[in-house]
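Hi everyone, thanks for coming.

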Amino acid sequence: MTTHHLDTKLLHIGSAPFDPETGTAPVNLPSMRTSTVRFENLAALERVFAKRAAGERAISYGRSGMDTHRALEEVFMQLEGGTYCVLAPSGMAAINIAFLGILKTGDHVLVCDGVYGPVRNLDRALLKGLGITVTYFAAQDDLDALITPETKMIYVESPGSLLFEMLDLPAMAAIAKRHGVLLAADNTWGSGYIYRPLALGADISVVAGTKYVAGHSDVMLGAVVAKDESVAARLHSAQYAMGNSISADDAWLALRGVKTMAVRMPQHAINALKVCAFFDAQPYVAKIFNPAWHKDAGYALWQRDCTGANGMLSVELKCSPDAAKAYVDALTLFGIGFSWGGYESLVQWVDPSTLAAHSYWKHSPNALLRFHIGLEDVDDLINDLKQAALHLPRT
Ligand SMILES: *Cc1c(COP(=O)(O)O)cnc(C)c1O
């Protein structure tokens, strides 16, 4: 198994074991719904607790997950190239585990200013009250100068989820290592399939499995993956203390979703690049944001650090945010909504106030639209974009 390619491993993780009597098995593990575990006798219970005391994962109660969950943990470990995985009931819950597992009162954390918006809310709602201070930094800032004796973690998202700016993760990992600070990355964009922060030097990778891993817009799920045992122990301890539990059905849906990742992801990327080429030829487009697009400022880093791309891109239009609203409303194949990574196309009208804190945006007064390019026929998508453009001001 270890010598096989990732695509092969993703298909075979979670194969159901054969029944020793009949020699048959279903293809997949079933969704193992249970709240608790029955032990055959007290000796069996003691064996399980001895395993747990030795640091092994042994199932003793529903909250810590059953075989369905174990298989999904294995999926995330294979994707991210890590040796430890903690599942979470959403991507945001996974982010909480990373922050609260690593940081305590008095600690300082550096966060990139293009970070997923709700992380700023986590800062306001919880971290501040706990006495954990956050400094937001721009990609070009000198991290060495921002690190204080209290700094315990650098938390980044690369590419960022509104403008997809690539960060130089290996360079940041070198700085973090020099100062004895942990580097954590939100890898929802890469989902371990096209970008692997742990291989680039990060200590922790956080993934919203809600997006490309589950892949069908029907599950909320997250994972935190690490490669160091002591880091993993802190993450496990936070997860256990928080009392999160993940529905076995959701874990099962994510296991099913990941089976088609090898065909979904490249197709999203092909469609998105075709849409980039279309937008590039339109007079009403000021700029395209997608690191896999050859004119993007992050293209060289993308070529160096990524093994593929996905369906995400943003477009700056040569009009005001208000003027772009009629265009968004005129789209028929693009659902107006947040999130991404499902099979379907989405459009998000990005609120200018969200962009204000984002140094990469350069404070343009123009409209920014974020698209998730789905698996529809791309010519249909482009025709939809063409008809909607009739609703834009003339350029
Ligand atoms: C969606 C998303 C999250 C949060 O995931 P949820 O499952 O919605 O909580 C975190 N980071 C990024 C980059 C995301 O796109």
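**A helix, some rings and one asparagine**

Let's start with helix α5, residues 117–130: at 1.5 Å a residue, its 14 residues should span 20 Å, and its end C-alpha atoms are 20 Å apart, so the two agree. The expected span here is 1.5 Å times one less than the number of residues. Helices (H or I, at least four residues) and strands (E, at least two) are DSSP runs, numbered from the N terminus.

Before I go on, this is a predicted model: local features need pLDDT of at least 70, side-chain atom pairs count only at pLDDT 80 or more, and totals for chains, interfaces and linings use all residues. Residues are numbered from 1 along each chain as its sequence is written, and side-chain values use heavy atoms, with hydrogens and water left out.

Back to α5. Where does α5 bend? At Asp 123, by about 40 degrees, taking the angle between axes fitted to the seven residues ending there and the seven starting there. Several α5 residues are buried, including Val 119, Arg 120 and Leu 127. Buried means under 20% relative accessible area, with exposed over 50% and partly exposed in between (1.4 Å probe, protein chains only). Among the elements covering the buried residues of α5 are α4 (91–102) and β2 (108–112). After the helix comes Gly 131, with a positive phi near 75 degrees.

Arg 120 also lies over the face of Tyr 136, 4.1 Å from the ring centre. For a charge over a ring, NZ of Lys or CZ of Arg must be within 6 Å of the ring centre and within 35 degrees of the ring normal. Lys 325 does this too, with its charged end over the ring of Trp 349, 4.5 Å from the centre.

Now, rings with rings. Rings of Phe, Tyr and Trp (its six-membered ring) pair if their centres lie within 6.5 Å; planes under 30 degrees apart are stacked, over 60 edge-to-face, the rest tilted. That rule gives ten aromatic pairs. Take Tyr 212 and Trp 340: their centres are 5.8 Å apart and their planes at 65 degrees, so they are edge-to-face. They sit 128 residues apart in the chain, and both are buried.

Last stop, Asn 187. Is Asn 187 buried or exposed? Buried, because its relative accessibility is 0%. Asn 187 is in the loop between β5 (182–186) and β6 (204–208).

Notes: Contact = heavy atoms within 4.5 Å.
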